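The sequence and the structure are shown first.

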Amino acid sequence: MKISKDTAVTLHYSVTEANGKPLASRETTDYLHGGYGNTLPRIEAALEGQEAGFRVTLELQPEDAFGRREAALERSIAKKDFPPGVKVGGQLRGMTEDGREQIFTVMKIKGDQVLLDANHPWADKALKFTLQVGAVRAATAEEIQHGHVHGGHGHHH
Ligand SMILES: [Zn+2]
């Protein structure tokens, strides 16, 4: 079966930075193809019309991957406002200054301030994706309604 709108695609992938530093190795995901925002548009474009077994390597600039860092997604908050046990590398849910809910990563603890960052960890990076299509099937009506794939390496709920 060829990949087209409303197919469920099992994708094996590895990701490195442009300099070869590995970011993800031999991962598997199931995604709903056809502009549902499950994966990057450039990846969907490269896979459109392909079948199981297809392999491709894509080199994407930050603009085509996870974008540029936004200073608005960095925040600094008084340590006393945090629950005890806040650690560098930990994550917590909060609001950006313009009121969007975001997951922030604790970047640094500096004196009595905690520096938080809600930018995607791969923002500002040129990325090399190595992709292999594992399987392709028609999505179910429920998957199309939800906008994601169920079971396997997809959503469980
Ligand atoms: Zn669902």
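Two strands are taken as paired if DSSP finds at least two bridges between them. Under this criterion, Val106 stands opposite Leu116 in β7. The model is predicted, so local features need pLDDT of at least 70 and side-chain atom pairs count only at pLDDT 80 or more, whereas totals for chains, interfaces and linings use all residues. Residues are numbered from 1 along each chain as its sequence is written, and side-chain values use heavy atoms, with hydrogens and water left out.

**Overall architecture**

The secondary structure of the protein chain amounts to 2 helices and 8 strands. Helices (H or I, at least four residues) and strands (E, at least two) are DSSP runs, numbered from the N terminus. In that direction, the elements follow the order β-β-α-β-β-β-β-β-β-α. Along the principal axes, the C-alpha atoms of the protein chain fill a box of roughly 55 × 40 × 25 Å. Of its 157 residues, 34% count as buried; buried means under 20% relative accessible area, exposed over 50%, and partly exposed in between, with a 1.4 Å probe and protein chains only.

The chain is divided into domain 1 (7-66 + 123-146) and domain 2 (71-117), with bounds that come from an automatic or database domain assignment. A distance of 30 Å separates the C-alpha centres of domain 1 and domain 2.

The antiparallel strands β1 and β2 are joined by 8 bridges, and Thr10 has Asp30 in β2 as its bridge partner. Strands β3 and β8, also antiparallel, are joined by 6 bridges; here Thr57 has Thr130 in β8 as its bridge partner.

**The nonpolar core**

A nonpolar core is a set of buried Ala, Val, Leu, Ile, Met, Phe, Trp, Tyr and Cys residues joined through side-chain atoms within 4.5 Å. The largest such core has 20 residues, of which Ile43, Leu47, Leu58, Phe129 and Leu131 touch the most other members. Two or more residues each are given to this core by β1 (7-17), β2 (22-32), α1 (41-47), β3 (55-60) and β8 (127-138). Strand β8 provides the largest share, 5 residues. In soluble globular proteins, nonpolar side chains tend to be buried together.

**The sheet β4-β7-β6-β5**

Another open sheet has 4 strands in the order β4-β7-β6-β5, and its pairing is antiparallel. The edge strands, pairing on one side only, are β4 (74-78) and β5 (91-95). Neighbouring strands of this sheet are turned by 45° against each other on average, direction ignored. Strands β5 and β6 pair over 5 bridges in the antiparallel sense, with Ile103 in β6 as the bridge partner of Arg93. Strand β6 (residues 101-110) likewise pairs with β7 (residues 113-117) in the antiparallel sense over 5 bridges, and Ile109 stands opposite Val114 in β7.

Phe104 belongs to strand β6. With a relative accessible area of 2%, Phe104 is buried. Phe104 and Pro62 are 42 residues apart in sequence and 20 Å apart in space, C-alpha to C-alpha.

**Hairpins**

| Hairpin | Residues between strands | Turn glycine and phi |
|---|---|---|
| β1 and β2 | 4 residues | Gly20, about 95° |
| β5 and β6 | 5 residues | Gly99, about 85° |
| β6 and β7 | 2 residues | Gly111, about 60° |

The ideal angle for four tetrahedral donors is 109.5 degrees. His157 is exposed, because its relative accessible area is 67%.

Key:
Axes are lines fitted to C-alpha atoms, for helices over the stretch in contact, and angles run from 0 to 180 degrees between N-to-C directions.
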